Amino acid sequence: MSGNEIISFLGRDWTELQRVIREALSSDIDLLQKVNDKLYSRAGKQLRPMVSLLMARACSADGCANSDSCHYAAAAELLHNATLLHDDVADSGTIRRGMPTLSAEMGETAAVLVGDFWLSKAVHTVLAASAEKNVIQLFARTLSDLAKGEMLQLQNAATGKTSEEDYFNVIYCKTASLFETAAVAGAVSVNASEQKVEAARKYASCLGTAFQIRDDILDYEGGERLGKPMGVDLAEQKITLPLLGAMYNAPSEEKAIRCKVSQIHNHPEYIGEITRFVLENRGVEYAAEKLDEYVDKAASALEIFDDSAQKDYLVQIVRYNSYRKI
């Protein structure tokens with residue numbers, strides 16, 4: 001899948017999206033402007049606004065997005081980056097997308113403040129559109145989900161008792177929820193029918209889940225993973241789906257493995273041991289099977305839409321998660 005191809009297809013909508021984001025991030029404080037420019041120059045694939053705009057086109061009667069579509073897509077991207085800035089502080093992250101994080105370069109206080117600025121601009125961007133009440137509620141719910149996901153993850157890391165149900169609750173709150181909001185807001189921006197809005201919701205929720213499962217697999221498989229080394233999740237005592245799958249396949253070792261996860265801060269050598277346990281007990285394969293289930297569910301949700309280039313790109317985006325290496 002080529003992101004540049006999709007950007008070219010979106011054309012003026014993508015250009016308008018970039019204009020809205022740049023305008024939102026404009027500041028008369030020189031330091032803040034320099035930081036914002038630097039951060040945005042390192043923007044990743046911008047998958048959430050891409051999905052939002054494609055969904056708006058897929059849902060509209062004439063196959064076109066509009067100004068509200070661009071504002072909602074921009075708000076999703078601003079909110080996503082705000083959460084990354086805050087996550088790097090919460091996780092003591094030093095590398096993001098292969099570059100030093102803002103908290104590593106300027107300190108945690110600066111990262112929190114800039115994250116707050118981006119978050120406030122996401123809210124202003126939603127309000128700058130002719131937003132219906134339910135769109136504002138969508139973004140508000142996602143903010144709540146993000147906080148709940150972080151707290152549940154912290155709670156689970158402290159106890160080492162993460163279940164598969166806990167895992168899926170966390171990744172819905174931390175990842176899938178924002179994908180869902182981006183897609184549903186795109187659908188609502190073009191006055192889509194309730195049936196199409198629900199299809200957008202199901203597609204994006206499954207896409208977000210598949211996206212996070214793939215990230216969690218890459219933590220055991222290796223690869224570029226946006227510049228992050230292997231073993232980051234384990235170092236943070238996160239029990240993700242590959243490890244859950246390995247424990248499911250080797251139940252006699254589950255208690256000992258969970259104990260080692262809870263002691264990783266004092267015994268970093270356990271990271272290598274647990275990684276080998278996951279690979280030897282087909283934890284990655286277990287997670288990959290679940291990933292493919294969500295990929296298929298997401299693609300099936302799009303069957304309601306007429307055939308179009310935007311629909312094809314939405315299918316490509318979700319299927320890309322079955323094999324992506326970053």
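This is a predicted model: local features need pLDDT of at least 70, side-chain atom pairs count only at pLDDT 80 or more; totals for chains, interfaces and linings use all residues.
Me: Fine, so at what angle do α10 and α12 cross, and within what distance do their axes come?
Reply: The axes of α10 and α12 cross at roughly 75 degrees and come within 8 Å. Since angles of 65 to 115 degrees count as roughly perpendicular, α10 and α12 are therefore roughly perpendicular to each other.

Me: Which residues make that contact?
Reply: From α10 the contact takes I213, D216, I217 and Y220, and from α12 it takes L241, P242 and L243. By class, the residues of this contact of α10 with α12 divide into 6 nonpolar, no polar and 1 charged.

Me: And α12 with α15, what's the packing angle there?
Reply: Helix α12, residues 241–249, packs against helix α15, residues 283–301, at an angle of about 115 degrees, and their axes are 7 Å apart. That makes α12 roughly perpendicular to α15, and the crossing of these two helices is right-handed.

Me: Which residues meet in that one?
Reply: On the α12 side they are L241, P242, G245, A246, Y248 and N249, and these meet G283, V284, Y286, A287 and K290 in α15. The residues of the contact of α12 with α15 divide into 7 nonpolar, 3 polar and 1 charged.

Me: Switching to the other end of the chain, how do α2 and α5 pack?
Reply: Helix α2, residues 12–24, and helix α5, residues 67–90, pack at an angle of about 55 degrees with their axes 9 Å apart. That makes α2 oblique to α5, and the crossing of α2 and α5 is right-handed. The contact is made by D13, E16, L17, V20, I21 and A24 of α2 together with C70, H71, A73, A74, E77 and L78 of α5, and its residues divide into 8 nonpolar, 1 polar and 3 charged.

Me: What about the largest nonpolar core, how many residues has it?
Reply: The largest nonpolar core has 99 residues, and those with the most contacts inside it are M55, W118, Y203, I213, L243, I274 and I317. Helix α10, residues 194–221, gives the most to this core, with 12 residues.

Me: What does M55 touch?
Reply: Leaving aside residues up to four places away in sequence, M55 touches A183, A187, A200, Y203, L302, F305 and L314.

Me: And V135, buried or exposed?
Reply: V135, which is found in helix α8, residues 133–159, counts as buried at 0% relative accessibility. Not counting residues up to four places away in sequence, V135 touches Y72, V126, A185 and V188. The C-alpha atoms of V135 and L241 are separated by 32 Å, the two residues being 106 apart along the chain.

Me: Last topic, backbone: what is phi of Q46?
Reply: Phi of Q46 is near 55 degrees, a positive value in a residue other than glycine. Most residues other than glycine have a negative phi. Q46 is placed in the loop between α3 (30–41) and α4 (47–59), and Q46 is buried, with a relative accessible area of 12%.

Me: And Q237, where does that lie?
Reply: Q237 lies in the loop between α11 (232–235) and α12, and has a positive phi of about 60 degrees although it is not a glycine. Q237 is buried, with a relative accessible area of 10%.

Key:
Residues are numbered from 1 along each chain as its sequence is written. Side-chain values use heavy atoms; hydrogens and water are left out. Axes are lines fitted to C-alpha atoms, for helices over the stretch in contact, and angles run from 0 to 180 degrees between N-to-C directions. Helices (H or I, at least four residues) and strands (E, at least two) are DSSP runs, numbered from the N terminus. Angles under 35 degrees count as roughly parallel, over 145 as roughly antiparallel, 65 to 115 as roughly perpendicular and the rest as oblique. A crossing is left-handed if the near helix is turned anticlockwise from the far one by less than a right angle, and right-handed if clockwise. Contact means heavy atoms within 4.5 Å. Ala, Val, Leu, Ile, Met, Phe, Trp, Tyr, Cys and Pro count as nonpolar, Asp, Glu, Lys and Arg as charged, and the others, Gly among them, as polar. A nonpolar core is a set of buried Ala, Val, Leu, Ile, Met, Phe, Trp, Tyr and Cys residues joined through side-chain atoms within 4.5 Å. Buried means under 20% relative accessible area, exposed over 50%, partly exposed in between (1.4 Å probe, protein chains only).
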